[in-house]
Amino acid sequence: MELVYTILRGGRFLLQTALEPLDWASKVLNYKCKYPPMTLRQSVGELNYFEGSGGEHLAYLKLLCNLSNSDRVLDFGCGCGLRAINTTGSGSLLDCREYVGFDINPKAINWCRKHIKKGKFVLGTSGGPLPFEDGSFDIILGKSVFTHITHLSIKPYLSELHRILSPTGRCLLTFFLLNRRPLNGQFTFKYKHEFGAYQRVTRPSRAVAYDEDWLVHQLGKLGFTYDIRYGNWTGNGYGLCYQDMVILRKK
């Protein structure tokens, strides 16, 4: 089965590469030349949602984290600049005191450095210490990052985020949280591990869910307080966002 998925992923990449000239023409006609190539956009999510999801989380940062222009912002897992591109103008992330995008994808970071004139973009290594000083950021956004990080790496990353968050800082992370809610949506997470579950056992990082009680226990041990805003990914009712949002502050 994994061989089938590998072949399909390879075929999709080849198709997208072949369609790049048409994608470029479409961007010109629709005044969207600022957008990265199709292959990079696909690497951060569904193409249909690329344009809107960046501005969506800017609104959440203002509503839930009191984002202001005086804040130093880390876009943790910035990809190819989704939030930076789609939040331009007054009150945007790039309009803050400092904006830093961080990712482990060198192609995405190189594209951002070349095409996004404001802000700073930093390339990191998977699982390694974050290359920032203690207390460097007032706001940290981690959208769709911990939904792809397995339990072997999650605690070191959370510890690093605590270290680089300022004493009065706010951190907004998104998760798939497992609790008593029935799962009636796209994700079933039937492959269990000690602290949660995977959507696909042969490719765990495709989608990772965590037991809510376990996660909040880890957050408390690291020195965070937390507030949870549930999403609608379970297929039960409505949520402010698709994924579950966890807002963190230092104790």
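Start by selecting Phe195: at 16% relative accessibility it counts as buried (buried means under 20% relative accessible area, exposed over 50%, partly exposed in between, with a 1.4 Å probe and protein chains only). Before moving on, bear in mind that this is a predicted model, where local features need pLDDT of at least 70, side-chain atom pairs count only at pLDDT 80 or more, and totals for chains, interfaces and linings use all residues. Residues are numbered from 1 along each chain as its sequence is written, and side-chain values use heavy atoms, with hydrogens and water left out.

Next, pick helix α7, residues 151–164 (helices are DSSP runs of H or I, at least four residues, and strands are runs of E, at least two, numbered from the N terminus). Its 14 residues should span 20 Å at 1.5 Å a residue, and the end C-alpha atoms sit 21 Å apart, which agrees; the expected span is 1.5 Å times one less than the number of residues. Colour the buried residues of α7, among them Tyr157, Leu161 and His162.

Now for the rings. The structure holds 14 aromatic pairs (rings of Phe, Tyr and Trp, its six-membered ring, pair if their centres lie within 6.5 Å; planes under 30 degrees apart count as stacked, over 60 as edge-to-face and the rest as tilted). Show Phe146 and Phe175: their ring centres are 5.4 Å apart and their planes at 20°, so the pair is stacked. Phe146 is in the loop between β4 and α7, while Phe175 is in strand β5, 29 residues apart. Phe146 is buried at 0% relative accessible area, and Phe175 is buried at 1%.

Last stop: ring pairs link Phe76, Phe102, Phe132, Phe137, Phe146, Tyr157 and Phe175 into a cluster.
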